[in-house]
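User: I want to learn how to read a ligand site. Please walk me through this one.

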Amino acid sequence: MTTSSRRLVRRHPDELLCGLVSISDRASRGVYADEGVPALRTWLGGALRTPVHFEERLIADDAPTISATLAELCDELGCDLILTTGGTGPARRDVTPEATLAVATKEMPGFGEQMRQISLRFVPTAILSRQVAVIRERGAGEADGAALIVNLPGQPKAIRETLEGLREADGTLAVPGIFAAVPYCIQLIGGPYVETDAAVCKAFRPKAAIRPAAGA
Ligand SMILES: Nc1ncnc2c1ncn2[C@@H]1O[C@H](COP(=O)(O)OP(=O)(O)OP(=O)(O)O)[C@@H](O)[C@H]1O
Ligand SMILES: Nc1nc2c(c(=O)[nH]1)N[C@H]1C(S)=C(S)[C@@H](COP(=O)(O)O)O[C@H]1N2
């Protein structure tokens, strides 16, 4: 196992190392201000109950740059979770899913399926979204660790919708957001024990995987 000299060091065993990648031709050129990374940071800041360190990137819709950024965040910095926003539609420059699959060890199709289920409740054009999620393993051994990489839509408002899900008028959950499954997935790939605020997004784990509360 070789470790990069740029590897992030957890300040707490439960700290989540999280890459946030905004993929936008126009935001990266300064045509408009990037709202993708701030939307991700704001939602995660409200949803997470464990410490988190963010590594943020703003890049153009260019497949080699996207793949290299994902590999850097996973392999060199050691991120547990990488969320991308943008570039998942059908236009010629939308290549985020292909660039994500290019660095994948395994695909996690449930995330994309669930995002499209959620988004179809908001806009019929959600059928045009091609978001994928993958696991990227850092090396051949279990101790090398891995990252979960998830593509989210480009529209800043769609970030919250897909992460958190859809609520009925009385506040009950109509369609669970994809983040409900993220903490257990990170646990299964050897990452930290991530906890969430159940009022924002209740993390689901099988009973056997729930860590007893401290002092219990
Ligand atoms: N980083 C961003 N900040 C603010 N708004 C964004 C951002 N990315 C996308 N959007 C908005 O969401 C829409 C859909 O996102 P998509 O990823 O398809 O972008 P796009 O149309 O390919 O343009 P671009 O890559 O130049 O942002 C955009 O047209 C834009 O209105
Ligand atoms: N929740 C949600 N998902 C959404 C949307 C939306 O408004 N809300 N817009 C869709 C549209 S119009 C497109 S073309 C696809 C493409 O995603 P992109 O913005 O990453 O290109 O995401 C879709 N997903």
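Analyst: Start with residue classes. Ala, Val, Leu, Ile, Met, Phe, Trp, Tyr, Cys and Pro count as nonpolar, Asp, Glu, Lys and Arg as charged, and the others, Gly among them, as polar. Here the shell around ligand 1 holds four nonpolar, seven polar and six charged residues. This is a predicted model: local features need pLDDT of at least 70, side-chain atom pairs count only at pLDDT 80 or more, and totals for chains, interfaces and linings use all residues. Side-chain values use heavy atoms, without hydrogens and water, and residues are numbered from 1 along each chain as its sequence is written.

User: How many residues surround ligand 1, and which are the closest?

Analyst: A residue is near a molecule if one of its heavy atoms lies within 4 Å of it. By that rule, 17 residues surround ligand 1. The closest are S24, R26, Y32, D34 and G87.

User: Which helix gives the most to that shell?

Analyst: Helices are DSSP runs (H or I, at least four residues), numbered from the N terminus. Helix α1, residues 25–29, gives the most, with three residues.

User: What lies across from the side chains of R26 and D34?

Analyst: A polar contact is a pair of N or O atoms within 3.5 Å. For D34, a nitrogen atom of ligand 1 lies 2.7 Å away. The side chain of D94 has an N or O atom 3.5 Å from an oxygen atom of ligand 1. Accessible areas come from the Shrake-Rupley method with a 1.4 Å probe. Ligand 1 alone exposes 580 Å², and the protein buries 73% of that.

How values were computed
Chains are lettered from A and ligands numbered from 1 in the order in which they are written. A polar contact is a pair of N or O atoms within 3.5 Å; within protein, one must be able to donate a hydrogen and the other to accept it, and residues adjacent in sequence count only if both atoms are side-chain atoms. Helices (H or I, at least four residues) and strands (E, at least two) are DSSP runs, numbered from the N terminus.
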